[in-house]
Amino acid sequence: MSPDAMVSIVIVNYNAGELLHRCLESIAWQTYPSWEVIIVDNASQDQSLRSVGQFDQVTVIRNSDNMGFAAAQNQGLGLAQGCYLMPLNFDIEMTPRFLDEMVAAMELSPTIGIVTGKLMAMSTDGRHLNTFYSAGHVMPANGYALHRGEGESDHGQYDEMCEVFGAPGAAPLYRREMLEDIAFRGQYFDESLFTWYEDVDLDWRAQRLGWRCVYTPKAVAYHLGHPEGHGGNLWQLAIGIRNRWLVVLANSDFRAGTVHALLRYEFSLLRYVVRNGYLSAYVNAWKQFLGLMQTALEKRRWTMQRARSRRSGGK
């Protein structure tokens, strides 16, 4: 471990309730010696910040409005002092050696820009389950990012360290040099996405620019996530659909097989929204997508040009 390898943990808080306290407790129990916590509060209306003063090495930023996850994370990451940066969801509980193992995996090679751990499920009453939330992102041709192992019981099938497509935004570890390298217009996470899919977009951009992502099973944490799924209301459904389109547009290679898979998935999605009475969310997603499409195209050109330059020996 490098002697100056501080980990800066950035938590975006929005009405987290007791989950934030439990998350901070799990940070305080870490055996890793060098870390700081930056909490960016997006105008919470509850009392989730009341116990923050009990914890050391914690800085709180209070926003007057809900800026969204991506912008608030960028705000916190911009103030971070560490050489390793960890966006952390408030509904995460880390086992005591989580940071140790994440940093150890990162330091295996300077080409590793992202590390993801073994994220297990947690029940709404805080029980730690033997069910996977994620063992890293995988990316099928249809552009719908999936969690490796999601819903599976753990019987050792993901106990080997390996490279994966990317890391869920719930608890990734990023190398500072990687974040600075892939930042588009000064943004690590694309703020136009507001929330959801910003982690997949970062994964894809980093991969295009030559950075690797490693999964380490030794770093274990528990994540509540969204037991009801992201389609809990029409606004959430529209944001999820819109953001997937924007991320695919910005990053996909659009090869023949990819286009076929994309179209097949879109027909399936359209049937789903029509059958379930969600057509208004789908139409709203299209309207928003058209308004943000230019930004996605500009980001695509920027990424692809840099990727081509690197393949030909440039920087």
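What is the volume of the second largest pocket? I noted about 310 Å³. I keep in mind that this is a predicted model.

**Pocket entry.** I looked up the lining next. The second largest pocket is lined by 14 residues. W245, V248, L262, E266 and W286 lie nearest its centre. I then sorted the lining by helix. α6, α7 and α8 (279–311) each supply at least two residues. The largest share, six residues, comes from α7. By class, I wrote down twelve nonpolar, no polar and two charged residues.

**Helix entry.** I turned to α6 (residues 234–251) and α7 (residues 256–275). They pack at an angle of about 170 degrees, and their axes are 13 Å apart. An angle over 145 degrees counts as roughly antiparallel, so α6 is roughly antiparallel to α7. Which residues meet? From α6 I listed L237, I241, R244, W245 and V248. From α7 I listed L262, Y265, E266, L269 and V273. This contact has eight nonpolar, no polar and two charged residues.

**Cavity entry.** How many cavities of 30 Å³ or more does the structure hold? I found one. The largest cavity has about 40 Å³ of space. Its lining includes D190, S192, L193 and K299. α6 and α8 each give at least two lining residues. α8 gives the most, with four. The classes here are six nonpolar, two polar and two charged.

Definitions and conventions: Residues numbered from 1 in each chain as written. Predicted model: local features only at pLDDT ≥ 70, side-chain atom pairs only at ≥ 80, totals over all residues. Heavy atoms only, no water. Axes fitted to C-alpha atoms, helices over the stretch in contact; angles between N-to-C directions. Parallel < 35°, antiparallel > 145°, perpendicular 65-115°, else oblique. Contact = heavy atoms within 4.5 Å. Nonpolar A, V, L, I, M, F, W, Y, C, P; charged D, E, K, R; others polar. 1 Å grid on protein atoms, 1.4 Å probe; cavity = no way out; pocket = protein on both sides within 12 Å on 5 of 7 lines; lining within 4 Å. Points joined across faces, edges and corners; volume = space filled by probe spheres on them.
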